[in-house]
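Dear colleague,

Please find the structure below, with its sequence.

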Amino acid sequence: MQDQAKLALENTKFTPFWLDNPDRPAAEAHLTTAITTDLLIVGSGFTGLWTAVQAKEQNPDRAIVVIEANTAAIGASGRPGAILSTSLMHGMENSNRLFKNDMEELERLGKENMDQFRDTIEKYSIDCDIEWTGELTVAVGKHGIDDIEGEHELYVKFGHDAHLLDKKQIQAEINSPFFEGGLWSKKRSGTIHPAKMAWGLKRVAKDLGVVFYENTPMLTSKTRGQQVFINTPEGSITANKVILATNAFTKHKKKISTRVAAIRDRIVMTEPLTEEQLAELGWKNRQGIYDTRTQLNYMRLTKDNRVLFGGRLGYFFDNDTDPEHDKTPEPFIKLVGMLYKTLPALKDIKISHAWSGPIALTTRMAVHYQYYHGGKMIYAGGYSGFGVTASRFASRVALAIVDDVDIPERNLEFAKTVPAWIPPEPFRWIGAKITMYALDTCDAKGGWRIPWLTLVDKMGFPLKP
């Protein structure tokens with residue numbers, strides 16, 4: 001299987017499939033002068049773009065500038081599996097673990113957020129290959145059945161159109177020897193082309209009057225009277241308010257990295273499937289899929305019938321967000337092997353693209369806010385992999401916080417608290433390496449890995465096998 005995986009990676013592009021697109025918009029000019037604005041947004045991933053669009057919709061006359069260290073969607077927003085979910089807090093079980101008292105309201109807000117997400121796509125005619133096919137969690141082994149049954153109770157309790165599938169039913173949805181059952185949430189979920197979505201939001205923001213500067217990193221920030229003064233390599237910005245939409249890219253403020261770790265999530269993309277491969281695979285309903293393994297995998301189809309398969313985590317010393325190692329075949333060999341084992345219909349398929357992306361992992365795996373310059377600058381991030389739709393909601397709350405608008409969401413626990421502190425280097429790197437190895441081998445070998453992952457779980461990361 002390893003040799004077969006190596007062959008599949010021989011002609012692979014080690015770059016995100018989503019960004020390898022001839023329709024990718026040209027870069028904006030970089031900032032070369034001193035400017036002023038009411039609202040400055042740092043970062044043009046989903047958080048920054050949703051912030052810009054919603055701020056302009058709320059107040060069309062507001063002066064808004066976005067600066068980006070590279071180009072739009074180059075970070076996590078151009079690299080995810082992009083399976084849509086109503087969850088605002090990294091899944092139903094994580095929400096219930098952390099915010100049990102607010103669950104009913106968070107679930108209501110999550111459904112409302114997804115409806116408004118859809119409305120924006122339709123209102124502005126954003127072409128993003130969206131498919132409303134549902135979200136499917138598949139059980140691997142007996143423990144997996146227990147997991148999906150527990151989650152199903154939560155789905156039903158909070159009014160989701162969710163259905164348990166037995167082994168025969170799940171095999172009718174997708175042909176895999178591993179899957180013993182499933183939980184299919186049929187409404188308000190599906191898949192999307194994330195880069196097209198981001199580029200569409202950028203186009204909308206520009207049409208609404210937002211000004212973008214790319215290849216313009218923020219270097220420093222300081223208070224200047226009642227405003228915030230930002231330095232960039234060739235210019236400067238004086239802003240009344242600033243939102244840091246930088247997620248896993250924490251170098252702007254060291255304090256962010258004390259609660260956010262840049263974990264790598266690895267993904268492979270196959271060549272387009274033939275009609276015969278599609279027929280053997282099944283998957284006629286084209287759901288986005290997560291499994292219940294300790295080192296979980298997720299998968300989905302693209303518009304041109306490629307299979308995206310992801311889920312092997314990694315960490316590089318000092319929050320490295322662009323490791324050269326992840327531009328080589330070696331980190332992806334085991335992931336391709338697992339693809340072949342999970343979906344035997346694809347045992348000979350080649351891999352067109354392989355990449356990793358920075359996930360802003362926190363101990364609560366959900367968005368939080370940090371404050372700077374007397375509240376005139378705030379950070380919003382830490383989605384831990386669930387930011388494609390949750391970023392829209394988080395951006396709306398971020399605007400209310402920085403503008404000091406009293407909305408009910410600000411009184412919920414998530415908006416008033418921050419995740420637990422994460423140890424610094426080298427302890428972070430050592431702990432991450434042990435944890436990644438334990439996740440990789442726990443299902444097969446057990447042993448010391450189970451108490452280790454239980455300890456990590458008690459620290460706040462929900463990794464308990």
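Ile 359 lies in strand 16, which covers residues 351–361. Please bear in mind throughout that this is a predicted model. With a relative accessibility of 15%, Ile 359 counts as buried, because the cut-off for that class is under 20%. Once neighbours within four places in sequence are set aside, the contacts of Ile 359 are Ala 248, Ala 261, Ala 262, Ile 263, Asp 265, Ser 384 and Gly 385. Val 260 stands 99 residues from Ile 359 in sequence, yet the C-alpha atoms of the two are 9.2 Å apart in space.

**Nonpolar cores**

The largest nonpolar core has 65 residues, and those that touch the most other members are Ile 192, Met 197, Tyr 369 and Phe 414. Helix 11, residues 387–402, supplies the largest share of this core, with 9 residues.

For Met 197, leaving out neighbours within four places in sequence, the contacts are Phe 46, Trp 50, Phe 117, Ile 121, Ile 126, Cys 128 and Ile 192.

How many of the residues of helix 11 are buried? The count is 16 of the 16, so helix 11 is largely enclosed by the rest of the structure. After helix 11 comes Asp 404, which has a positive phi, near 55°.

**Aromatic pairs**

The structure contains 7 aromatic pairs. In one of them, Tyr 290 and Tyr 298 have ring centres 6.3 Å apart and planes at 50°, so the pair is tilted. Tyr 290 and Tyr 298 are both buried. Ring pairs also join Tyr 290, Tyr 298 and Phe 386 into a cluster.

Another pair is formed by Phe 393 and Phe 414: their ring centres are 5.6 Å apart and their planes stand at 40°, so this pair is tilted. Phe 393 belongs to helix 11 and Phe 414 to helix 12 (residues 413–416), and the pair links distant parts of the chain, 21 residues apart. Both Phe 393 and Phe 414 are buried.

**The second largest pocket**

The second largest pocket has a volume of about 850 Å³. Its lining consists of 28 residues, of which Arg 312, Pro 331, Lys 334, Leu 335 and Asp 440 are the closest to its centre. Strand 15 (307–314), helix 10 (333–342) and helix 13 (427–445) are the elements that give two or more residues to this lining. Which element gives the most to the lining of the second largest pocket? Helix 13 does, with 8 residues. Sorted by class, the lining of this pocket has 12 nonpolar, 7 polar and 9 charged residues.

**Ser 95**

Finally, Ser 95 is found in helix 3, residues 92–98. Is Ser 95 buried or exposed? Its relative accessible area is 2%, so Ser 95 is buried. Apart from neighbours within four places in sequence, Ser 95 is in contact with Ser 87, Met 89, Lys 100 and Met 103.

With kind regards

Conventions:
Residues numbered from 1 in each chain as written. Predicted model: local features only at pLDDT ≥ 70, side-chain atom pairs only at ≥ 80, totals over all residues. Heavy atoms only, no water. Core = buried A, V, L, I, M, F, W, Y, C linked by side-chain atoms within 4.5 Å. Buried < 20%, exposed > 50% of the residue type's maximum accessible area, 1.4 Å probe, protein only. Helix = DSSP H or I, 4+ residues; strand = E, 2+ residues; numbered from the N terminus. Contact = heavy atoms within 4.5 Å. 1 Å grid on protein atoms, 1.4 Å probe; cavity = no way out; pocket = protein on both sides within 12 Å on 5 of 7 lines; lining within 4 Å. Points joined across faces, edges and corners; volume = space filled by probe spheres on them. Nonpolar A, V, L, I, M, F, W, Y, C, P; charged D, E, K, R; others polar. Phe/Tyr/Trp six-rings, centres within 6.5 Å; stacked < 30°, edge-to-face > 60°.
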